[in-house]
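Here's a friendly tour of one protein model, taken a topic at a time. Keep the structure open while you read.

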Amino acid sequence: MRFDWAKITSLAYLTLLELDIHEFPIPAKKIRCKDVIISSYQKYAKITGLPIEKLTLGHELEDAFLLKGLRPDVTLILYNKEKYGPRMKHTLWHEIGHIKCGHKKHSEREEIEAHFFAAQANAPNILIKAISQRGYSINVPFLVECFGLSKEAAEKKMEYLQKYSFNHCNEYDDLVQLQFAQYLNQKYPTKTNHYYDDYFEDMEKERQGWY
Ligand SMILES: [Zn+2]
């Protein structure tokens, strides 16, 4: 299976730019999608008077659920309020990913693409790169703390970074960095020590070269 990772990354970054998100972890209320209603099952059942079993169309109560056709031209993402947490954010982005990627079915390919979209929306690689360049070490606890990822999602991200490092560039890298510049400067100011360390290390190398 071949994937267009750059295109999915572009879609995820464009979504962050459009939603005018400026900080991480992304506040839950900021996770939205044009022409899509995002609501908890519980709230939606109350508003519509439909029992939850009917909303899930007989499926077990999943974390979240993409629903089309209940009303014409309305796409719904319903989520289980009781399960709201770091994993839920990934699930919501995943469902939005299906919409943004224009998926018509849910086979293995679509699932992988939606997961990748969610991973890039929740913790954009370009921002991880920028933070790393400022002298911070990137590991699972860091990703959990900085981006509010679940441990599972953070481990997957580390696997990806260990495999590809920051080799994948994207057409929207600069714009995303610009949008989060204030956040980065406030929360992750460049560690000058890091540069001093490099500086002294270079000097030491040079000194050793004298002999
Ligand atoms: Zn899916």
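The zinc ion is held by H94 (NE2), H98 (NE2), E111 (OE) and E111 (OE), which sit 2.1 to 2.6 Å from it. Donors here are N, O and S atoms within 2.8 Å of the metal (3.2 Å for Na, K and Ca), and water is not among the atoms, so sites may look incomplete. Keep in mind that this is a predicted model: local features need pLDDT of at least 70, side-chain atom pairs count only at pLDDT 80 or more, and totals for chains, interfaces and linings use all residues. Residues are numbered from 1 along each chain as its sequence is written, and side-chain values use heavy atoms, with hydrogens and water left out.

**The zinc site**

- Angles among the 4 donor atoms run from 52 to 127 degrees, and the site is irregular.
- Along the sequence, the donor residues follow the spacing H-x3-H-x12-E.
- H98 belongs to helix α4 (residues 86–100) and E111 to helix α5 (residues 108–122), 13 residues apart, so the pair links distant parts of the chain. Helices (H or I, at least four residues) and strands (E, at least two) are DSSP runs, numbered from the N terminus.
- H98 is buried at 2% relative accessible area, while E111 is partly exposed at 25%. Buried means under 20%, exposed over 50%, and partly exposed in between (1.4 Å probe, protein chains only).

**The nonpolar cores**

- The largest nonpolar core has 48 residues, and W93, I131, L143 and F147 have the most contacts inside it. Such a core is a set of buried Ala, Val, Leu, Ile, Met, Phe, Trp, Tyr and Cys residues joined through side-chain atoms within 4.5 Å.
- Among the elements giving two or more residues to this core are α1 (5–18), β3 (75–79), α6 (125–133) and α8 (151–164).
- Apart from it lies another core of 8 residues, including Y44, L55, F65 and L76.
- In soluble globular proteins, nonpolar side chains tend to be buried together.
- Leaving out residues up to four places away in sequence, W93 touches residues including L16, I21, F117 and N122. Contact means heavy atoms within 4.5 Å.

**Helix α7**

- V140, F142, L143, C146 and F147 are the buried residues of α7. They line one face of the helix, because they fall within an arc of 160 degrees seen down its axis. The arc is that of the directions from the helix axis to the C-beta atoms.
- P141 and E145 are exposed, on the face turned away from the buried side of α7.
- The cover over the buried residues of α7 includes α5, α6, α8 and α10.
- At the start of α7, a side-chain oxygen of N139 comes within 2.9 Å of the backbone nitrogen of F142.
- Just after α7, G148 has a positive phi of about 65 degrees.

**Two buried loop residues**

- S150 lies in the loop between α7 and α8 and is buried, at 14% relative accessibility. Its side chain reaches the backbone nitrogen of A153 at 3.1 Å.
- F180 sits in the loop between α9 (173–179) and α10, and is buried at 0% relative accessible area.
- F180 and L127 are 53 residues apart in sequence, yet 8.1 Å apart in space, C-alpha to C-alpha.

Key: Four donors count as tetrahedral if all angles lie between 85 and 135 degrees; four count as square planar and six as octahedral if opposite donors are over 155 degrees apart and all others between 65 and 115; anything else is irregular. A polar contact is a pair of N or O atoms within 3.5 Å; within protein, one must be able to donate a hydrogen and the other to accept it, and residues adjacent in sequence count only if both atoms are side-chain atoms.
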